[in-house]
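User: Got a two-chain model open and I'd like to talk through it with you. Can you put it up?

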Amino acid sequence: MTEQNTSRRQFFFKLGIFLNGLAALVLATPVVGYLLAPIIRGHGGNYRKWIDLGELDEFPEGQTRLAKYKNPISNRWDGETDDIPCWVRRLQGESFQVFAVNCAHLGCPVRWFPQSGLFMCPCHGGVYYRDGKRASGPPPRALFEYAYKVENGHLMIEGGQLPTLSTTAGLQKRSTGCQG
Amino acid sequence: MSRLAKIGDWFEQRLKIDAVVRQTMSHPVPRRSASWFYVFGSAALTVFLLQIFTGIMLALIYVPSAGEAWNSLQFLNHGVPLGWFLRAVHGWGSNFMVAIVLIHMVQVILFGAYKFPRELTWIVGIFLLLMTLGMAFTGQVLRFDQDAYWGLGIGASICGRVPMIGSWVVHLLLGGPIIAGDTLSRFFAFHVFVIPGLLIALVGLHLLLVLKLGINEWPMPGRLVRRSTYIQQYEDTVHKDGMPFVPAAIWKDMIFASIVIASVLACAAFFGPFGPTGQPDPTIVQTVPKPDFFFQWLYALLALLPPAVETPALLIGPVVILGFLILLPFFAGEGEKSWKRRPIAVITIALTAVALGTLTHLASYTPWSPVMGAWSGDPVPVQYLIGRSPLERQGAAIFQGKQCRNCHSIGGSGGLRGPTLDSVAVRKTHAQLVRQVLQGGGNMPAYGKNLNPAEVAALVSFLDTLHPANQPAARDAAATPQRDAEHVTENK
């Protein structure tokens, strides 16, 4: 075996590694894009849509009621999970507060108690006042609120994504409630 | 030569595996290591095999679709002969696997088995623990019920606390903007392909390392591990005082593994499958989500951590713990192996066990949560109403109607979020009670805007009566004597 032969084989061996690396790179690009799709699809407010909650008459003044809507970003196979609830508080006229049911602490569904005017969370003991401000427990802020508008006698909210401390984009930012 | 032996020969000619198998089976173990303390690793492996088997069985029926998963579990429970039993075995197998992996880990720490030269075995073991917990969590998600749905909500909310890229992490976890079909599909992929694949590969590596390095010898106080001499010492031990793994040691593994499997089957037959609980419909807000047993300590911790340290504890805590465990064999890789001379190891394990046990116990009755139905479900004890004035009884009705009972127990029932009020009048004067009701504080909401003055007067007059017969109500020492006397007679 000559010196020249060895280096030629080594060259082709390295070429083989290079070509396979190249192929892997070409394959990796779409895979990375595919895996990051949940982030990419949401860019530019794509996870935010205006949703019709129904006629104003369904929400009596001075009351807080549970409203349900179909999540605007959904698939046919989502089943019951695309029925999303929210708490609608009508102060008066066209003045509303629409709260996500998800506790600002860790996302469990808060329940409204009209008698005491409190939202209570079943998981870790978070409690909020009727205006969504934190009353007690571990929540770091007030309840998440949806942006709303009234159009043609219908209450519209802007929603679509699960509210957490960093995915509030579709929801109005509120200052943290009185921490007492 | 029998026909069977001929067939065996035919395969051996091609596979050339006989020598390797014999060598593996007869690898020497130190005589004292053939002990009942050394059976947990093989028991964990056995339960893992059981999980693979029952998992495949369940996958024959289970539909990994958010719209159908819950229905397919109902069908498994009620529509397929013994489907409930396979679900129960898989569920109980999961609990047993976590438990045995933890016991195995404790044994390894107490016997100093992570020390030189078995550092890599230990580190692979840490990842096996993480994956076991990962399987337990993703498996709980596949049981796509209310607990699974809100458990995902908690997972997403924790991810949402990551600074800067929190929203990306949330959307990656959920596979979209919200818990839905894509979420279940990706958890299915993790539970069925990704994590089991890694588990199988790492279990293989773990076993290979055990074979290459030999099983840990029985630790003797005073016999120190030194990097320079250990391997030679170990070789001497196994050659002088060793036994072949098969059959000298393996019979204990086999007996213990069969006891474990029998226990899993017995639990499954006796207690049945886990859930599914209510269907995963987020509009059903009347739910009390709770994680599976091995995550309940975390559930309790999340309720009890002060809000200010919660995010750092959630995000930095796991990294610190993981880092500590991985680095353990590097800063404690030599020296004593026997737990009799390693008090810090023993204390650390004892404290960890007590902490996890206490948190799990707290999670069993969640004293931090309001009892949602106490105000309408638990009556005021009769002895608190006998001989009371109309105003005081009115106060008792307000106490119930305004849901005070959800957080404050009286007569042994009600919430434990706030203090029990059976003797509140001993602790607080009339004026202090009025202030507490109106302004709240100390983790109690203020009721000033929600009660009119007449209601406050009635409620507090009821609270004033809540003291034991032989113990007078608290009085304001600064108040005028007459007023105070009046107040006491009022309460008679």
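User: Let's start with the hairpin of E3 and E4 in chain A. How many residues sit between the strands?
Analyst: There are 2 residues between the strands, and A:Gly93 in that hairpin takes a positive phi near 55 degrees. Keep in mind that this is a predicted model.

User: Noted. How many bridges join E3(A) to E4(A)?
Analyst: 6 bridges, with E3 (83-92) and E4 (95-100) of chain A running antiparallel. Within that pairing, A:Val88 stands opposite A:Val98 in E4(A).

User: And which residue of E9(A) does A:Val98 stand opposite?
Analyst: That's A:Tyr146 in E9(A). E4(A) pairs with strand E9 (145-151) of chain A in the antiparallel sense, over 2 bridges.

User: What holds strands like these together in general, by the way?
Analyst: Strands of a sheet pair through backbone hydrogen bonds, and the pairing can be parallel or antiparallel.

User: OK, the open sheet in chain A with E5 in it. What's the strand order?
Analyst: The order is E5-E6-E7-E8, 4 strands with antiparallel pairing. Strand E5 (111-113) and strand E8 (134-136) of chain A are the edges, each pairing on one side only. On average, neighbouring strands of the sheet are turned by 35 degrees against each other, direction ignored.

User: Zoom in on E5(A) and E6(A). How many bridges there?
Analyst: 3 bridges between E5(A) and strand E6 (118-120) of chain A, in the antiparallel sense. A:Arg111 stands opposite A:Met120 in E6(A).

User: Switching to chain B. At what angle do the axes of H6 and H9 cross?
Analyst: Roughly 155 degrees, and the axes of H6 (119-142) and H9 (181-213) of chain B come within 9 Å. Angles over 145 degrees count as roughly antiparallel, so that is how H6(B) and H9(B) lie to each other.

User: Left-handed or right-handed crossing?
Analyst: The crossing of H6(B) and H9(B) is left-handed. As for who's in that contact, the classes come out as 20 nonpolar and 7 polar residues, with no charged ones.

User: Next, H8 in chain B. How many of its residues are buried?
Analyst: 7 of the 9, so H8(B) is mostly covered. The buried ones are B:Gly166, B:Ser167, B:Val169, B:Val170, B:His171, B:Leu173 and B:Leu174.

User: What covers them?
Analyst: The cover includes H7 and H9 of chain B, together with helix H2 (37-40) of chain A. Just after H8(B) comes B:Gly175, which takes a positive phi of about 70 degrees.

User: Where are they?
Analyst: B:Leu82 is in the loop between H4 (69-78) and H5 (83-110) of chain B, and B:Met164 is in the loop between H7 and H8 of chain B.

User: Why does B:Leu82 count as exposed?
Analyst: Because B:Leu82 has 11 C-beta neighbours inside 10 Å, and the cut-off for exposed is 12 or fewer. B:Met164 is exposed too, with 8 other C-beta atoms within 10 Å.

User: Last one: B:His239, buried or exposed?
Analyst: Exposed, because B:His239 has 9 C-beta neighbours inside 10 Å. You'll find B:His239 in helix H10 (230-241) of chain B.

Methods: Residues numbered from 1 in each chain as written. Chains lettered and ligands numbered in written order. Predicted model: local features only at pLDDT ≥ 70, side-chain atom pairs only at ≥ 80, totals over all residues. Pairing = 2+ DSSP bridges. Axes fitted to C-alpha atoms, helices over the stretch in contact; angles between N-to-C directions. Parallel < 35°, antiparallel > 145°, perpendicular 65-115°, else oblique. Left-handed = near helix turned anticlockwise from the far one by under 90°. Nonpolar A, V, L, I, M, F, W, Y, C, P; charged D, E, K, R; others polar. Buried ≥ 20, exposed ≤ 12 C-beta atoms within 10 Å, placed from the backbone. Contact = placed C-beta atoms within 7 Å.
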